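I opened the entry to look up two things.

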Amino acid sequence: MPLLAEKHIVLGITGGIAAYKSAEIVRRLIEQGAVVQVVMTEAAKAFIAPLTLQALSGRPVRDSLLDPSAESGMGHIEIARWADQIVIAPASADFIARLAGGMASDLLTTVCLATSAPIALAPAMNQGMWNNTATQRNIDTLTADGVSLLGPASGAQACGDVGPGRMLEPADIVNHLMDSGKVRALDGTNVTITAGPTWEALDPVRALSNHSSGKMGYAVAAAAAAAGASVTLVSGPTALKPPSGIRYQAVQSAEDMLAAVEREIEDCDVFIGVAAVADYRPAQPASSKIKKHSESVTLELVRNPDILALVAQNPKRPFTVGFAAETDQAIPNARDKLQRKGLDLIAVNQINATNNPFGSEENHLVLISEMDEIDLGRDSKTALAEHLIAEIAHRYHDQHSTQDH
Ligand code: PMT
């Protein structure tokens, strides 16, 4: 499925030479699966013919607030309600001033005033007009009101000046809409993530565990939620506060973690196993505290279920992503894990003198799939998680568009 599949986008076009680029924006939005309703100001029509935009969007262009035929069909309030996202490109100085003033003087300002959808502006004007105190005051007002800014870029202008005020290129505007969460890459998906260590009870007061802090998994959960997913985080014991806007399931042992994951898997679109799950657990946890009577103790350990492999084997398997923490032969070992467990993607973190991901704020990840290998480099866990989620979203949508054909 393309990234903007069935998103309702109102493209507002105002008067400026960059309006000719709006045709390319419509084409790219449609290519990404969006349904585009063009709304033009009177001034915009001097720069590009509505018929061009109608042909590209497949919908009649709307340009008049007081149009009885339109009001009986899709009037200004209907357009405002219909929109998932409004983007004004180009946004002229005059339009920005009217929007900042809360005016409803034409169809486009009225739709913006009436909508609850996010609004993004791609300003386009002469550098002097952009730098003018009044324009900057209007921009400050609009950003404080929650309107997002796409650009402007700096460079040579149609009037011969050089400076800030050029509209961003159509590809950049559409990429911003896809990437920045304004139309979010994982909207409508259910994502389950495991994080942290597991604790395998030896007796009522002791457990076998590892040094996972949960930071990587919690960062992945936050990034997935920011990308629009409905996230369930199944976490072993950590000292972290769960990210906001997610469903949180606290567990202790690998068996608890498996039970929690199994409850989610039916409706899960993407599964990401970041947890450092103990491979073994004590065969017989003591029912009371083990006493220090002898010099040594022998523990019998039994294998824990492999949660990730079980998810990947499920007949209704989600897009399945594993992690691998390796000390030796990291890439070949991870590739082997990818194939053995039947994963779509694996994120490898090598443990060596320069990278110990356990507990630290930073990590170094390499992504491996059957098709490719991408080194995400060394970065904060937050930045790596955002990069990982963007890669997962892109591959998940590709896989689904292939299955749909
Ligand atoms: O929590 P932090 O301090 O931020 O550290 C992050 C991390 C190092 C724990 C994380 O980046 C990471 O690498 N997690 C996986 C570590 C690991 O134990 O890998 P593994 O090779 O044992 O397991 C491979 C994959 O199978 C993992 O996705 C794991 O979640 C999964 N697995 C493993 C065993 C098991 N019984 N069930 C599983 O689901």
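I began with terms: contact means heavy atoms within 4.5 Å. Helices (H or I, at least four residues) and strands (E, at least two) are DSSP runs, numbered from the N terminus. Axes are lines fitted to C-alpha atoms, for helices over the stretch in contact, and angles run from 0 to 180 degrees between N-to-C directions.

I noted that this is a predicted model, where local features need pLDDT of at least 70, side-chain atom pairs count only at pLDDT 80 or more, and totals for chains, interfaces and linings use all residues. Residues are numbered from 1 along each chain as its sequence is written, and side-chain values use heavy atoms, leaving out hydrogens and water.

**Sheet**

I looked up helix H13 (residues 330–341) and found that it lies across strands E16 (319–326), E17 (345–350), E18 and E19, at about 150° to E17.

I then traced the open sheet, which has 8 strands in the order E12-E11-E8-E13-E16-E17-E18-E19, with mixed pairing. Two strands count as paired if DSSP finds at least two bridges between them. At the edges are E12 (247–250) and E19 (373–380), each pairing on one side only. From one strand to the next the twist averages 15°.

Helix H11 (residues 254–265) also packs on the sheet, where it touches E8 (190–195), E11 (230–235), E12 and E13 (270–273). The direction of H11 makes about 165° with that of E11.

Glu362 has Ser380 in E19 as its bridge partner.

**Salt bridges**

I counted 23 salt bridges, each a side-chain nitrogen of Lys or Arg within 4 Å of a carboxyl oxygen of Asp or Glu. For exposure, buried means under 20% relative accessible area, exposed over 50%, and partly exposed in between (1.4 Å probe, protein chains only).

Asp203 and Arg206 form a salt bridge, with the closest N and O atoms 2.5 Å apart. Asp203 is buried at 3%, while Arg206 is partly exposed at 31%.

Asp344 and Arg317 meet at 3.2 Å, N to O. They are 27 residues apart and link distant parts of the chain: Asp344 is in the loop between H13 and E17, Arg317 in the loop between helix H12 (307–313) and E16. Asp344 is buried at 19%, and Arg317 is partly exposed at 30%.

Last, I noted that salt bridges with shared partners join Glu24, Arg27, Arg28 and Glu31 into one network.
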